[in-house]
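Subject: A structure to look at, with notes

Dear colleague,

I am handing over the structure below, and after it I describe what was found. Please keep it open beside this email while you read, so that you can follow each part in turn.

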Amino acid sequence: MADDDRAADMIRVLRSVRSVRDLRPDPLPDAALAAILEAARWTGSGMNRQPWTFVLVRDRTTLAAIAAAAPSAGHVRNAAAAIILVMDSEMPELTTFDEGRAAERICIAATAEGIASALGWVPPHARPAVAALLGVPEGRRVRTLVSLGHPTEAGARTKSEPGTARRPLADVVRYDRYG
Ligand SMILES: Cc1cc2nc3c(=O)[nH]c(=O)nc-3n(C[C@H](O)[C@H](O)[C@H](O)COP(=O)(O)O)c2cc1C
């Protein structure tokens, strides 16, 4: 692939990363899941601390229990799989940034693999329950998950065209000075 084509292809993937919450439970290929986890592993982090463990959940009972505990991440119920980010609790500001980077990278890698994804936020009151479901010890934070799967018909239909769901470039970019 020529450099221009590769750049255009990567930008196309980045622009097409969208939340798809209506997912099908049918299993995803192991190779695609491995590629997504590998992309997550290579995420950069502050001081290269890599303050994460990625828990890949495919067990349907566990997915349903997570959805029940954290309804804001209810899309995980019908997902084929979810990756739960279990984070260290030291240096919380840096770690929060790292968590966002890793979560986004999982979504990007999924999109590149032709797999839909949706971020889920586990609110504070639900974290102990989700941590217990996954056997996460005290002192580690369970806040972000990414649901993965192929979209249902509704899931495939509901998204707007790439580029129409964001503020225009002229609104979000300034050159040389803010004001
Ligand atoms: C920090 C953060 C938390 C989010 N939490 C949730 C969530 O709990 N449930 C959900 O369905 N989407 C969640 N989202 C996804 C956003 O709602 C979504 O990215 C945004 O509305 C843009 O929509 P799009 O991804 O389809 O373009 C979260 C996104 C971020 C960045």
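Please bear in mind that this is a predicted model. I begin with helix α5, where Arg127, Val130 and Ala131 are buried. These three cover an arc of only 100° around the helix axis, and therefore they lie on the same side of α5. In general, an α-helix has 3.6 residues a turn, so residues three or four places apart point the same way. On the other side of α5 you will find Pro128 and Ala132, which are exposed. What, then, covers the buried residues of α5? The cover includes the helix α3 together with the strands β3 and β4. Just after α5 comes glycine 135, which takes a positive phi of about 70°.

The neighbouring topic is how the two helices meet. Helix α3, residues 60-69, and helix α5, residues 127-134, pack at an angle of about 170°, and their axes are 9 Å apart. Because an angle over 145 degrees counts as roughly antiparallel, α3 is roughly antiparallel to α5. From α3, the residues Thr62, Ala65, Ile66 and Ala69 take part, and they meet Ala129, Val130, Leu133 and Leu134 of α5. Sorted by class, this contact of α3 with α5 has seven nonpolar residues, one polar residue and no charged ones.

Now to the sheet, which is open and is formed by four strands in the order β1-β2-β4-β3, with antiparallel pairing. Its edge strands are β1, residues 52-57, and β3, residues 116-121, each of which pairs on one side only. On average, and with direction ignored, neighbouring strands of the sheet are turned by 20° against each other. Between β3 and β4, the latter spanning residues 140-149, the antiparallel pairing runs over six bridges.

Helix α2, residues 30-41, lies across β1, β2 and β4, and runs at about 165° to β1.

Methods
Residues numbered from 1 in each chain as written. Predicted model: local features only at pLDDT ≥ 70, side-chain atom pairs only at ≥ 80, totals over all residues. Heavy atoms only, no water. Pairing = 2+ DSSP bridges. Axes fitted to C-alpha atoms, helices over the stretch in contact; angles between N-to-C directions. Contact = heavy atoms within 4.5 Å. Parallel < 35°, antiparallel > 145°, perpendicular 65-115°, else oblique. Nonpolar A, V, L, I, M, F, W, Y, C, P; charged D, E, K, R; others polar. Buried < 20%, exposed > 50% of the residue type's maximum accessible area, 1.4 Å probe, protein only. Arc of directions from axis to C-beta.
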